[in-house]
Amino acid sequence: MSKVVAELKYSVEHEWIAQDGSGPSTIGVSAVAADALGDIVYVDLPEVGSTVTAGETCGEIESTKSVSDLYSPVTGTVTEVNTTVVDDPALVNADPYGAGWLFKVEVESEGPLLSAEEYAAANGGEL
C-alpha cells in the first residue's frame, strides 16, 4: 500500500500540498500516484512567476507507462520550482513527499482538498 502523509492535504487528482502558513506552500504528487505511474522519466513544471489555478492543469508527468497532467490544488503565483526533480525525475518515485516535491506557490485560494484520511480511504493509501 502507498504511503499517505497525515500532515498534508490532497487533491482528488493526487497532488499533495504542505501549508505551514509562514510562506509559499509546497506541492508534489502523492506516493499513490507515483506508484500508479511507474518509473517517472520526465516532468514539465509551471514557470516561476506564472499563475496557477486550482483544478486546472499546470504541467505534466511522464512515466514509462503514460503521460499524466499535473493539476494545481490551489490558485496563486509560482515562487519556486524543484530543478533537481526536473534533472532527475526518478526522485518523484524515490521520495515523493521529500526531495521529489515539484513547485511552491504563494496561495491566493484553495481548491477542494481532502484530508489525509479522506484521501487514503478513497485511494487505498496507508497513513
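Predicted model: local features only at pLDDT ≥ 70, side-chain atom pairs only at ≥ 80, totals over all residues.

Visitor: How many bridges join strand 6 to strand 7, and in which direction do they run?

Guide: In general, the strands of a sheet pair through backbone hydrogen bonds, in either a parallel or an antiparallel manner. Here strand 6 (residues 57-63) and strand 7 run antiparallel and are joined by 5 bridges.

Visitor: In what order do the strands of this open sheet lie?

Guide: The order is 4-6-7, with antiparallel pairing among the 3 strands. Strand 4 (40-44) and strand 7 (67-71) each have a single partner strand, so one side of each lacks a neighbour in the sheet. On average, neighbouring strands are turned by 25 degrees against each other, direction ignored.

Visitor: What is the strand order of the open sheet of 6 strands?

Guide: That antiparallel sheet reads 1-2-3-9-8-5. Its edge strands are strand 1 (9-10) and strand 5 (51-52), each pairing on one side only. Strand 5 runs antiparallel to strand 8 (residues 74-81), with 2 bridges between them, and Val52 stands opposite Gly76 of strand 8.

Visitor: Which residues of helix 4 are buried?

Guide: In helix 4 (residues 116-123), these are Ala116, Tyr119 and Ala120. Seen down the helix axis, they fall within an arc of 95 degrees and therefore line one face of helix 4. They pack against strand 1 and helix 1 (31-37). The face turned away from the buried side carries the exposed residues Ala121 and Ala122.

Visitor: What follows helix 4?

Guide: Gly124 follows, with a positive phi near 70 degrees.

Definitions and conventions: Residues numbered from 1 in each chain as written. Heavy atoms only, no water. Pairing = 2+ DSSP bridges. Helix = DSSP H or I, 4+ residues; strand = E, 2+ residues; numbered from the N terminus. Buried < 20%, exposed > 50% of the residue type's maximum accessible area, 1.4 Å probe, protein only. Arc of directions from axis to C-beta. Contact = heavy atoms within 4.5 Å. Axes fitted to C-alpha atoms, helices over the stretch in contact; angles between N-to-C directions.
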